[in-house]
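Trainee: Can we walk through this structure together? I'd like to start with single residues and then zoom out.

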Amino acid sequence: MKLDVDVLRYLSKDDFRVLTAVEMGMRNHEIVPTELIDRIASLKHGGTYKVMKNLLKHKLLHHDASKYDGFRLTYLGYDFLAIKTMVNRGVFMAVGRQIGVGKESDIFEVATEDGRVLAMKLHRLGRVSFRAVKSKRDYLKHRSSYNWLYLSRLAALKEFSFMKALEEHGFPVPNAVDCNRHCVIMSLVQGYPLVQVKQLSNLEMVFETIIGLVVRLAEHGLIHCDFNEFNIMIDDDEKVTMIDFPQMVSVSHRNAQMYFDRDVECIFKFFRKRFNISFEGSTDDIEGSEVDIDENGRPCFSSVAKNVGFLDKELAASGFTRKEDEDIKKFIEDGTDSDAHSGDEGNEILENVSNFEGASIRDIDSLHLHKQDGMCEIEETQENSEACGSCESETQNEIDKEEDSHNGIENDELSKRLYKQRRRAVAAANGGRKKTHASRNSYKDKGGRSSHSSKIQKQLSIW
(Lines give C-alpha, C1' and ligand atoms only; values in the text may rest on other atoms or scores of the structure.)
Protein backbone atom coordinates (compact mmCIF):
# COMPACT_ATOMS: atom_id res chain seq x y z
CA MET A 1 0.00 0.00 0.00
CA LYS A 2 1.39 3.40 -1.02
CA LEU A 3 2.09 5.82 1.82
CA ASP A 4 0.40 9.12 0.91
CA VAL A 5 1.11 11.54 3.75
CA ASP A 6 -0.86 14.37 2.10
CA VAL A 7 -4.01 12.99 3.73
CA LEU A 8 -2.32 13.39 7.12
CA ARG A 9 -2.61 17.19 6.90
CA TYR A 10 -6.39 17.11 6.78
CA LEU A 11 -7.05 14.63 9.59
CA SER A 12 -8.53 16.15 12.74
CA LYS A 13 -8.12 15.22 16.41
CA ASP A 14 -11.37 13.26 16.25
CA ASP A 15 -10.01 11.19 13.35
CA PHE A 16 -6.91 10.22 15.33
CA ARG A 17 -9.03 9.58 18.40
CA VAL A 18 -11.16 7.08 16.48
CA LEU A 19 -8.05 5.45 14.97
CA THR A 20 -6.62 5.05 18.47
CA ALA A 21 -9.93 3.59 19.67
CA VAL A 22 -9.82 0.96 16.90
CA GLU A 23 -6.19 0.18 17.80
CA MET A 24 -7.14 -0.32 21.46
CA GLY A 25 -10.08 -2.52 20.50
CA MET A 26 -7.83 -4.72 18.35
CA ARG A 27 -5.98 -5.89 21.46
CA ASN A 28 -8.69 -8.51 21.96
CA HIS A 29 -10.76 -8.26 18.77
CA GLU A 30 -9.86 -9.16 15.22
CA ILE A 31 -12.75 -7.00 14.02
CA VAL A 32 -13.70 -4.28 16.52
CA PRO A 33 -17.50 -3.83 16.88
CA THR A 34 -18.82 -0.43 15.91
CA GLU A 35 -20.50 0.10 19.28
CA LEU A 36 -17.22 -0.61 21.09
CA ILE A 37 -15.37 1.93 18.94
CA ASP A 38 -17.99 4.52 19.80
CA ARG A 39 -17.66 3.82 23.53
CA ILE A 40 -13.83 3.90 23.51
CA ALA A 41 -13.58 7.06 21.38
CA SER A 42 -16.18 8.94 23.48
CA LEU A 43 -16.29 11.96 21.22
CA LYS A 44 -17.75 15.00 22.98
CA HIS A 45 -20.22 15.93 20.26
CA GLY A 46 -20.78 12.45 18.84
CA GLY A 47 -20.28 11.77 15.17
CA THR A 48 -18.16 8.60 15.49
CA TYR A 49 -19.91 6.98 12.53
CA LYS A 50 -19.24 10.01 10.35
CA VAL A 51 -15.55 9.95 11.31
CA MET A 52 -15.30 6.22 10.54
CA LYS A 53 -16.88 6.84 7.14
CA ASN A 54 -14.20 9.47 6.41
CA LEU A 55 -11.39 7.15 7.53
CA LEU A 56 -12.85 4.35 5.43
CA LYS A 57 -12.77 6.63 2.39
CA HIS A 58 -9.02 7.21 2.84
CA LYS A 59 -8.42 3.45 3.42
CA LEU A 60 -7.22 3.94 6.98
CA LEU A 61 -9.85 1.48 8.20
CA HIS A 62 -11.31 -1.71 6.76
CA HIS A 63 -15.00 -2.53 7.20
CA ASP A 64 -16.16 -6.09 7.82
CA ALA A 65 -19.81 -7.12 8.26
CA SER A 66 -19.51 -10.88 7.68
CA LYS A 67 -20.27 -11.84 11.30
CA TYR A 68 -21.08 -8.46 12.85
CA ASP A 69 -20.63 -4.81 11.93
CA GLY A 70 -17.05 -3.81 12.76
CA PHE A 71 -13.78 -2.24 11.61
CA ARG A 72 -10.05 -2.98 11.78
CA LEU A 73 -6.93 -0.91 11.18
CA THR A 74 -5.10 -1.11 7.88
CA TYR A 75 -1.34 -0.72 7.59
CA LEU A 76 -1.89 2.82 6.27
CA GLY A 77 -3.89 3.75 9.38
CA TYR A 78 -1.18 2.21 11.58
CA ASP A 79 1.44 4.22 9.64
CA PHE A 80 -0.45 7.45 10.30
CA LEU A 81 -0.65 6.74 14.03
CA ALA A 82 3.09 6.08 14.24
CA ILE A 83 4.02 9.12 12.10
CA LYS A 84 1.72 11.40 14.10
CA THR A 85 3.38 10.24 17.35
CA MET A 86 6.87 10.82 15.94
CA VAL A 87 5.94 14.29 14.75
CA ASN A 88 4.50 15.17 18.16
CA ARG A 89 7.76 14.03 19.76
CA GLY A 90 9.74 16.25 17.38
CA VAL A 91 11.74 13.37 15.88
CA PHE A 92 11.09 14.55 12.30
CA MET A 93 8.92 17.09 10.51
CA ALA A 94 8.64 15.83 6.92
CA VAL A 95 8.40 12.54 5.02
CA GLY A 96 10.23 12.18 1.73
CA ARG A 97 10.64 9.58 -0.99
CA GLN A 98 10.71 5.82 -0.64
CA ILE A 99 14.28 4.49 -0.83
CA GLY A 100 13.81 0.76 -0.22
CA VAL A 101 11.28 -2.08 -0.36
CA GLY A 102 11.73 -5.46 1.28
CA LYS A 103 9.68 -8.56 1.97
CA GLU A 104 9.10 -7.38 5.56
CA SER A 105 9.39 -3.55 5.47
CA ASP A 106 9.44 -0.28 3.54
CA ILE A 107 12.13 2.42 3.94
CA PHE A 108 11.46 6.15 3.59
CA GLU A 109 13.48 9.32 3.97
CA VAL A 110 12.41 11.76 6.68
CA ALA A 111 13.76 15.21 7.55
CA THR A 112 14.20 16.79 10.96
CA GLU A 113 13.50 20.43 11.79
CA ASP A 114 17.14 21.40 11.23
CA GLY A 115 17.24 19.70 7.82
CA ARG A 116 19.04 16.47 8.77
CA VAL A 117 17.87 13.47 6.75
CA LEU A 118 17.05 10.23 8.59
CA ALA A 119 15.69 6.84 7.52
CA MET A 120 12.23 5.60 8.58
CA LYS A 121 11.64 1.86 8.45
CA LEU A 122 8.01 0.67 8.53
CA HIS A 123 7.67 -3.05 9.22
CA ARG A 124 4.93 -4.70 7.17
CA LEU A 125 4.71 -8.36 8.10
CA GLY A 126 2.00 -10.37 6.39
CA ARG A 127 2.73 -9.62 2.77
CA VAL A 128 2.07 -12.37 0.27
CA SER A 129 5.82 -12.61 -0.39
CA PHE A 130 6.58 -13.48 3.25
CA ARG A 131 3.87 -15.02 5.42
CA ALA A 132 5.81 -17.91 7.00
CA VAL A 133 6.53 -15.74 10.04
CA LYS A 134 5.56 -18.36 12.61
CA SER A 135 8.14 -20.86 11.32
CA LYS A 136 10.92 -18.45 10.31
CA ARG A 137 10.81 -15.82 13.06
CA ASP A 138 10.57 -16.02 16.85
CA TYR A 139 8.26 -13.02 17.36
CA LEU A 140 5.39 -15.20 18.57
CA LYS A 141 7.36 -17.22 21.18
CA HIS A 142 4.67 -18.98 23.28
CA ARG A 143 1.67 -17.29 21.63
CA SER A 144 -0.63 -19.26 19.37
CA SER A 145 -2.77 -16.45 17.90
CA TYR A 146 -1.57 -13.19 16.41
CA ASN A 147 -2.31 -10.39 14.00
CA TRP A 148 0.08 -8.82 11.54
CA LEU A 149 0.08 -5.35 13.08
CA TYR A 150 1.11 -6.73 16.45
CA LEU A 151 3.86 -8.86 14.89
CA SER A 152 5.17 -5.82 13.00
CA ARG A 153 5.33 -3.91 16.28
CA LEU A 154 7.32 -6.74 17.90
CA ALA A 155 9.73 -6.87 14.95
CA ALA A 156 10.35 -3.11 15.13
CA LEU A 157 10.95 -3.21 18.87
CA LYS A 158 13.39 -6.11 18.50
CA GLU A 159 15.32 -4.42 15.70
CA PHE A 160 15.58 -1.15 17.65
CA SER A 161 16.93 -2.91 20.76
CA PHE A 162 19.50 -4.90 18.75
CA MET A 163 20.64 -1.80 16.89
CA LYS A 164 21.10 0.13 20.15
CA ALA A 165 23.10 -2.66 21.79
CA LEU A 166 25.34 -3.31 18.77
CA GLU A 167 26.08 0.40 18.42
CA GLU A 168 27.14 0.57 22.09
CA HIS A 169 29.55 -2.35 21.52
CA GLY A 170 31.25 -0.72 18.55
CA PHE A 171 29.63 -2.55 15.64
CA PRO A 172 29.19 -0.68 12.33
CA VAL A 173 25.40 -0.22 12.40
CA PRO A 174 23.10 2.77 11.83
CA ASN A 175 22.41 5.06 14.77
CA ALA A 176 19.06 4.13 16.35
CA VAL A 177 17.05 7.30 17.02
CA ASP A 178 13.53 6.32 18.12
CA CYS A 179 10.87 3.63 17.84
CA ASN A 180 7.06 3.68 17.99
CA ARG A 181 4.65 0.91 17.07
CA HIS A 182 6.02 -0.67 13.86
CA CYS A 183 8.17 2.35 12.94
CA VAL A 184 11.94 2.60 13.55
CA ILE A 185 13.87 5.84 12.98
CA MET A 186 17.61 5.52 12.32
CA SER A 187 20.43 7.46 10.73
CA LEU A 188 20.65 7.34 6.95
CA VAL A 189 23.67 5.33 5.76
CA GLN A 190 25.50 7.19 3.01
CA GLY A 191 26.34 4.23 0.84
CA TYR A 192 25.07 1.51 -1.46
CA PRO A 193 23.95 -2.09 -0.93
CA LEU A 194 26.78 -4.48 -1.65
CA VAL A 195 24.66 -6.15 -4.32
CA GLN A 196 24.91 -2.95 -6.44
CA VAL A 197 28.71 -2.71 -6.19
CA LYS A 198 30.57 -3.89 -9.29
CA GLN A 199 34.19 -3.28 -8.30
CA LEU A 200 36.26 -2.62 -5.18
CA SER A 201 39.76 -1.23 -4.86
CA ASN A 202 40.58 -3.14 -1.64
CA LEU A 203 38.74 -6.35 -2.35
CA GLU A 204 40.48 -8.62 0.15
CA MET A 205 40.26 -6.07 2.96
CA VAL A 206 36.50 -5.64 2.48
CA PHE A 207 36.02 -9.41 2.35
CA GLU A 208 37.99 -9.99 5.55
CA THR A 209 36.11 -7.16 7.29
CA ILE A 210 32.74 -8.71 6.42
CA ILE A 211 33.76 -12.20 7.55
CA GLY A 212 35.23 -10.65 10.68
CA LEU A 213 31.84 -9.10 11.49
CA VAL A 214 30.18 -12.52 11.38
CA VAL A 215 32.80 -13.93 13.77
CA ARG A 216 32.60 -10.88 16.09
CA LEU A 217 28.86 -11.23 16.36
CA ALA A 218 29.27 -14.88 17.33
CA GLU A 219 31.85 -13.91 19.95
CA HIS A 220 29.26 -11.57 21.47
CA GLY A 221 26.66 -14.34 21.50
CA LEU A 222 24.64 -13.41 18.39
CA ILE A 223 24.13 -14.67 14.84
CA HIS A 224 22.69 -12.39 12.16
CA CYS A 225 20.82 -15.17 10.25
CA ASP A 226 20.36 -12.97 7.14
CA PHE A 227 23.89 -11.75 6.49
CA ASN A 228 24.08 -11.33 2.71
CA GLU A 229 24.84 -8.76 0.04
CA PHE A 230 21.41 -7.13 0.46
CA ASN A 231 21.96 -6.32 4.15
CA ILE A 232 25.50 -4.93 3.85
CA MET A 233 26.03 -1.27 2.95
CA ILE A 234 29.33 0.09 1.65
CA ASP A 235 30.21 3.76 1.09
CA ASP A 236 32.68 5.50 -1.22
CA ASP A 237 35.52 4.93 1.25
CA GLU A 238 34.64 1.21 1.29
CA LYS A 239 33.48 1.36 4.88
CA VAL A 240 31.10 -1.51 5.69
CA THR A 241 27.80 -1.08 7.59
CA MET A 242 25.41 -3.93 8.36
CA ILE A 243 21.62 -3.52 8.58
CA ASP A 244 18.44 -5.57 9.23
CA PHE A 245 18.45 -7.20 12.69
CA PRO A 246 14.98 -8.52 13.69
CA GLN A 247 15.83 -12.15 12.88
CA MET A 248 19.01 -12.38 14.98
CA VAL A 249 19.31 -15.40 17.30
CA SER A 250 21.58 -16.54 20.10
CA VAL A 251 24.62 -18.81 19.66
CA SER A 252 22.75 -21.17 22.03
CA HIS A 253 20.00 -21.70 19.46
CA ARG A 254 19.62 -25.32 18.40
CA ASN A 255 20.28 -24.33 14.75
CA ALA A 256 23.00 -21.79 15.55
CA GLN A 257 25.76 -23.60 13.64
CA MET A 258 23.58 -23.93 10.55
CA TYR A 259 22.75 -20.20 10.62
CA PHE A 260 26.40 -19.27 11.15
CA ASP A 261 27.57 -21.47 8.28
CA ARG A 262 24.82 -20.11 6.03
CA ASP A 263 25.85 -16.49 6.70
CA VAL A 264 29.48 -17.31 5.93
CA GLU A 265 28.56 -19.25 2.80
CA CYS A 266 26.43 -16.35 1.48
CA ILE A 267 29.45 -14.03 1.62
CA PHE A 268 31.81 -16.57 0.04
CA LYS A 269 29.33 -17.32 -2.72
CA PHE A 270 28.71 -13.64 -3.56
CA PHE A 271 32.42 -12.70 -3.72
CA ARG A 272 33.22 -15.77 -5.80
CA LYS A 273 30.50 -15.01 -8.36
CA ARG A 274 30.77 -11.20 -8.46
CA PHE A 275 34.53 -10.65 -8.11
CA ASN A 276 35.89 -14.09 -9.05
CA ILE A 277 38.01 -14.18 -5.90
CA SER A 278 39.95 -17.28 -4.80
CA PHE A 279 39.70 -18.10 -1.11
CA GLU A 280 42.96 -19.97 -0.59
CA GLY A 281 44.48 -18.42 2.52
CA SER A 282 42.17 -15.39 2.36
CA THR A 283 40.70 -16.03 5.83
CA ASP A 284 43.76 -17.37 7.61
CA ASP A 285 44.03 -14.19 9.66
CA ILE A 286 40.65 -12.76 10.63
CA GLU A 287 41.10 -9.35 12.14
CA GLY A 288 40.83 -9.21 15.94
CA SER A 289 39.87 -12.89 16.50
CA GLU A 290 41.42 -16.30 16.83
CA VAL A 291 39.29 -18.82 14.98
CA ASP A 292 40.12 -22.06 13.21
CA ILE A 293 39.66 -22.41 9.46
CA ASP A 294 38.29 -25.61 7.96
CA GLU A 295 39.52 -27.36 4.83
CA ASN A 296 37.28 -25.16 2.61
CA GLY A 297 38.66 -21.92 4.08
CA ARG A 298 35.53 -21.18 6.16
CA PRO A 299 35.72 -20.16 9.84
CA CYS A 300 34.59 -22.94 12.21
CA PHE A 301 31.67 -22.12 14.48
CA SER A 302 32.90 -24.53 17.18
CA SER A 303 36.22 -22.68 17.50
CA VAL A 304 34.68 -19.22 18.00
CA ALA A 305 35.34 -17.97 21.54
CA LYS A 306 31.84 -17.04 22.74
CA ASN A 307 32.96 -15.25 25.90
CA VAL A 308 33.50 -11.66 24.74
CA GLY A 309 29.99 -10.58 25.76
CA PHE A 310 26.53 -11.84 26.53
CA LEU A 311 24.40 -9.74 24.18
CA ASP A 312 22.05 -12.68 23.65
CA LYS A 313 21.37 -12.65 27.40
CA GLU A 314 20.96 -8.87 27.60
CA LEU A 315 18.58 -8.75 24.64
CA ALA A 316 16.84 -12.10 25.35
CA ALA A 317 17.70 -13.37 21.87
CA SER A 318 15.98 -16.49 20.58
CA GLY A 319 17.53 -19.74 21.74
CA PHE A 320 18.81 -18.48 25.10
CA THR A 321 17.43 -20.95 27.64
CA ARG A 322 16.79 -20.62 31.37
CA LYS A 323 19.54 -23.15 32.15
CA GLU A 324 22.11 -21.02 30.34
CA ASP A 325 20.85 -17.99 32.27
CA GLU A 326 21.56 -19.80 35.54
CA ASP A 327 25.01 -20.87 34.31
CA ILE A 328 25.91 -17.27 33.49
CA LYS A 329 24.78 -16.12 36.92
CA LYS A 330 26.97 -18.77 38.54
CA PHE A 331 29.86 -17.72 36.32
CA ILE A 332 29.51 -14.02 37.18
CA GLU A 333 28.89 -14.37 40.92
CA ASP A 334 31.84 -15.11 43.24
CA GLY A 335 32.00 -18.51 44.87
CA THR A 336 32.94 -16.93 48.19
CA ASP A 337 29.38 -15.76 48.75
CA SER A 338 28.09 -19.32 48.73
CA ASP A 339 30.85 -20.39 51.14
CA ALA A 340 30.02 -17.55 53.52
CA HIS A 341 26.35 -18.51 53.64
CA SER A 342 26.91 -22.27 53.84
CA GLY A 343 26.83 -22.25 57.67
CA ASP A 344 23.54 -20.35 57.74
CA GLU A 345 22.05 -22.75 55.22
CA GLY A 346 23.09 -25.71 57.39
CA ASN A 347 21.41 -24.19 60.43
CA GLU A 348 18.24 -23.60 58.43
CA ILE A 349 18.20 -27.23 57.28
CA LEU A 350 18.58 -28.47 60.87
CA GLU A 351 15.76 -26.21 62.02
CA ASN A 352 13.50 -27.48 59.22
CA VAL A 353 14.23 -31.10 60.13
CA SER A 354 13.52 -30.51 63.81
CA ASN A 355 10.28 -28.71 62.97
CA PHE A 356 9.26 -31.57 60.71
CA GLU A 357 9.93 -34.16 63.44
CA GLY A 358 7.97 -32.12 65.99
CA ALA A 359 5.03 -31.77 63.63
CA SER A 360 5.01 -35.51 62.90
CA ILE A 361 5.04 -36.35 66.62
CA ARG A 362 2.20 -33.91 67.31
CA ASP A 363 0.18 -35.61 64.58
CA ILE A 364 0.09 -38.89 66.58
CA ASP A 365 -2.93 -37.88 68.68
CA SER A 366 -4.80 -36.64 65.65
CA LEU A 367 -4.06 -39.97 64.00
CA HIS A 368 -5.88 -41.83 66.81
CA LEU A 369 -8.84 -39.44 66.61
CA HIS A 370 -9.16 -39.98 62.87
CA LYS A 371 -9.13 -43.74 63.41
CA GLN A 372 -12.08 -43.45 65.76
CA ASP A 373 -14.00 -41.32 63.28
CA GLY A 374 -14.09 -43.74 60.37
CA MET A 375 -12.38 -46.06 57.96
CA CYS A 376 -11.83 -43.54 55.13
CA GLU A 377 -10.06 -41.04 57.38
CA ILE A 378 -7.83 -43.87 58.71
CA GLU A 379 -6.66 -44.62 55.16
CA GLU A 380 -5.96 -40.93 54.44
CA THR A 381 -3.86 -40.44 57.56
CA GLN A 382 -1.96 -43.67 56.86
CA GLU A 383 -1.13 -42.43 53.34
CA ASN A 384 0.07 -39.09 54.74
CA SER A 385 2.25 -40.85 57.31
CA GLU A 386 3.78 -43.12 54.65
CA ALA A 387 4.62 -40.06 52.52
CA CYS A 388 7.14 -38.83 55.09
CA GLY A 389 9.86 -40.94 53.42
CA SER A 390 12.72 -43.13 54.50
CA CYS A 391 14.66 -40.16 55.96
CA GLU A 392 12.16 -40.10 58.90
CA SER A 393 12.21 -43.85 59.58
CA GLU A 394 13.05 -43.49 63.27
CA THR A 395 10.13 -41.15 63.89
CA GLN A 396 7.84 -43.53 62.00
CA ASN A 397 8.94 -46.46 64.17
CA GLU A 398 8.10 -44.48 67.32
CA ILE A 399 4.67 -43.68 65.90
CA ASP A 400 4.02 -47.37 65.15
CA LYS A 401 5.07 -48.41 68.67
CA GLU A 402 2.78 -45.88 70.32
CA GLU A 403 -0.11 -46.95 68.08
CA ASP A 404 0.34 -50.59 69.06
CA SER A 405 0.59 -49.74 72.75
CA HIS A 406 -2.53 -47.54 72.76
CA ASN A 407 -4.80 -49.41 70.37
CA GLY A 408 -3.58 -52.99 69.93
CA ILE A 409 -5.77 -55.52 68.29
CA GLU A 410 -9.02 -53.75 69.27
CA ASN A 411 -8.50 -51.11 66.56
CA ASP A 412 -9.17 -53.59 63.76
CA GLU A 413 -12.43 -54.79 65.32
CA LEU A 414 -13.53 -51.21 66.04
CA SER A 415 -12.83 -50.11 62.48
CA LYS A 416 -14.78 -53.07 61.06
CA ARG A 417 -17.82 -52.28 63.24
CA LEU A 418 -17.70 -48.61 62.25
CA TYR A 419 -17.43 -49.53 58.60
CA LYS A 420 -20.51 -51.81 58.83
CA GLN A 421 -22.49 -49.12 60.62
CA ARG A 422 -21.57 -46.63 57.91
CA ARG A 423 -22.77 -48.98 55.18
CA ARG A 424 -26.07 -49.54 57.00
CA ALA A 425 -26.59 -45.78 57.36
CA VAL A 426 -25.96 -45.23 53.64
CA ALA A 427 -28.36 -48.03 52.72
CA ALA A 428 -31.06 -46.60 55.00
CA ALA A 429 -30.65 -43.14 53.48
CA ASN A 430 -31.08 -44.62 49.99
CA GLY A 431 -34.31 -46.31 50.96
CA GLY A 432 -32.86 -49.80 51.05
CA ARG A 433 -32.27 -50.04 47.30
CA LYS A 434 -29.37 -49.21 45.07
CA LYS A 435 -29.72 -46.29 42.73
CA THR A 436 -28.43 -46.76 39.22
CA HIS A 437 -27.25 -43.67 37.41
CA ALA A 438 -27.51 -44.04 33.65
CA SER A 439 -24.66 -42.63 31.62
CA ARG A 440 -25.23 -40.12 28.85
CA ASN A 441 -23.21 -42.38 26.58
CA SER A 442 -25.27 -45.52 27.49
CA TYR A 443 -26.74 -47.58 24.70
CA LYS A 444 -30.30 -46.75 23.74
CA ASP A 445 -32.54 -49.50 22.43
CA LYS A 446 -33.46 -48.76 18.85
CA GLY A 447 -36.57 -51.00 18.81
CA GLY A 448 -34.97 -54.38 18.09
CA ARG A 449 -35.98 -57.88 19.14
CA SER A 450 -35.42 -57.24 22.86
CA SER A 451 -37.68 -54.18 22.89
CA HIS A 452 -40.39 -56.10 21.03
CA SER A 453 -40.38 -58.94 23.58
CA SER A 454 -40.59 -56.47 26.47
CA LYS A 455 -43.68 -54.87 24.90
CA ILE A 456 -45.38 -58.30 24.62
CA GLN A 457 -44.63 -59.04 28.28
CA LYS A 458 -46.20 -55.72 29.32
CA GLN A 459 -49.37 -56.45 27.31
CA LEU A 460 -49.69 -59.96 28.85
CA SER A 461 -49.35 -58.52 32.35
CA ILE A 462 -52.16 -56.03 31.62
CA TRP A 463 -54.49 -58.78 30.38
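Trainee: Which helix holds Gln-257?
Mentor: Gln-257 sits in helix α8. Keep in mind that this is a predicted model.

Trainee: Is Gln-257 buried, exposed or partly exposed?
Mentor: Partly exposed, because its relative accessible area is 47%. The cut-offs are under 20% for buried and over 50% for exposed.

Trainee: Let's move on. Where does Arg-124 lie?
Mentor: Arg-124 is in the loop between β6 and α5, and α5 covers 133–136.

Trainee: Buried or exposed?
Mentor: Arg-124 counts as buried because its relative accessible area is 4%.

Trainee: What does the side chain of Arg-124 make a polar contact with?
Mentor: The side chain of Asp-79, at 2.6 Å. Arg-124 also has Glu-104 at 5.2 Å, C-alpha to C-alpha. Those two are 20 residues apart in sequence.

Trainee: What about Ser-152? Which helix is that in?
Mentor: Ser-152 belongs to helix α6. With a relative accessible area of 0%, Ser-152 is buried.

Trainee: What does the side chain of Ser-152 reach?
Mentor: The backbone nitrogen of Leu-125, at 3.1 Å.

Trainee: Which residues is Ser-152 in contact with, leaving aside neighbours within four places in sequence?
Mentor: Tyr-75, His-123, Arg-124, Leu-125 and His-182. So our Arg-124 turns up again in that list.

Trainee: Another serine, then. Where is Ser-187?
Mentor: Ser-187 lies in strand β8. A polar atom of its side chain is 2.8 Å from the backbone nitrogen of Asn-175.

Trainee: Which residues does Ser-187 contact, again leaving aside neighbours within four places?
Mentor: Leu-118, Ala-119, Pro-174, Asn-175 and Val-177.

Trainee: What is phi near in Glu-238?
Mentor: Near 60 degrees, again a positive value in a residue other than glycine. Glu-238 lies in the loop between β11 and β12.

Trainee: Why does Glu-238 count as buried?
Mentor: Because its relative accessibility is 13%, and buried means under 20%.

Trainee: Now the inside. How many residues has the largest nonpolar core?
Mentor: It has 52 residues. Those with the most contacts inside it are Leu-166, Ile-210, Ile-223, Phe-260 and Phe-271.

Trainee: Which elements each supply at least two residues of this core?
Mentor: The helices are α6 (148–168), α7 (203–219) and α8 (256–275). The strands are β7 (176–180), β8 (183–187), β10 (222–223), β11 (232–234) and β12 (240–242). The largest share, 10 residues, comes from α7.

Trainee: What does Phe-260 touch, not counting residues up to four places away?
Mentor: Val-214, Val-215, Ala-218, Ile-223, Pro-299, Cys-300, Phe-301 and Val-304.
Mentor: There is also a second, separate core of 44 residues. Leu-3, Tyr-78, Ile-83 and Val-91 are among its members.

Trainee: On to pockets. What volume has the largest pocket?
Mentor: About 870 Å³. The largest pocket is lined by 31 residues. Gly-100, Ile-107, Phe-230, Met-233 and Ile-243 lie nearest its centre.

Trainee: Which elements give two or more residues to the lining?
Mentor: β4 (94–101), β5 (105–111), β6 (117–123) and β8. β4 gives the most, with 4 residues.

Trainee: How do the lining residues divide?
Mentor: Into 13 nonpolar, 10 polar and 8 charged.

Trainee: Last one, the whole chain. How many helices and strands are there?
Mentor: There are 16 helices and 13 strands. The chain has 463 residues, and 40% of them count as buried.

Trainee: What share of contacts joins residues at least 24 apart?
Mentor: The share is 63%, among contacts between residues at least 6 apart in sequence.

Terms used. Residues numbered from 1 in each chain as written. Predicted model: local features only at pLDDT ≥ 70, side-chain atom pairs only at ≥ 80, totals over all residues. Heavy atoms only, no water. Core = buried A, V, L, I, M, F, W, Y, C linked by side-chain atoms within 4.5 Å. Buried < 20%, exposed > 50% of the residue type's maximum accessible area, 1.4 Å probe, protein only. Contact = heavy atoms within 4.5 Å. 1 Å grid on protein atoms, 1.4 Å probe; cavity = no way out; pocket = protein on both sides within 12 Å on 5 of 7 lines; lining within 4 Å. Points joined across faces, edges and corners; volume = space filled by probe spheres on them. Nonpolar A, V, L, I, M, F, W, Y, C, P; charged D, E, K, R; others polar. Polar contact = N/O pair within 3.5 Å; in protein donor to acceptor, adjacent residues only side chain to side chain.
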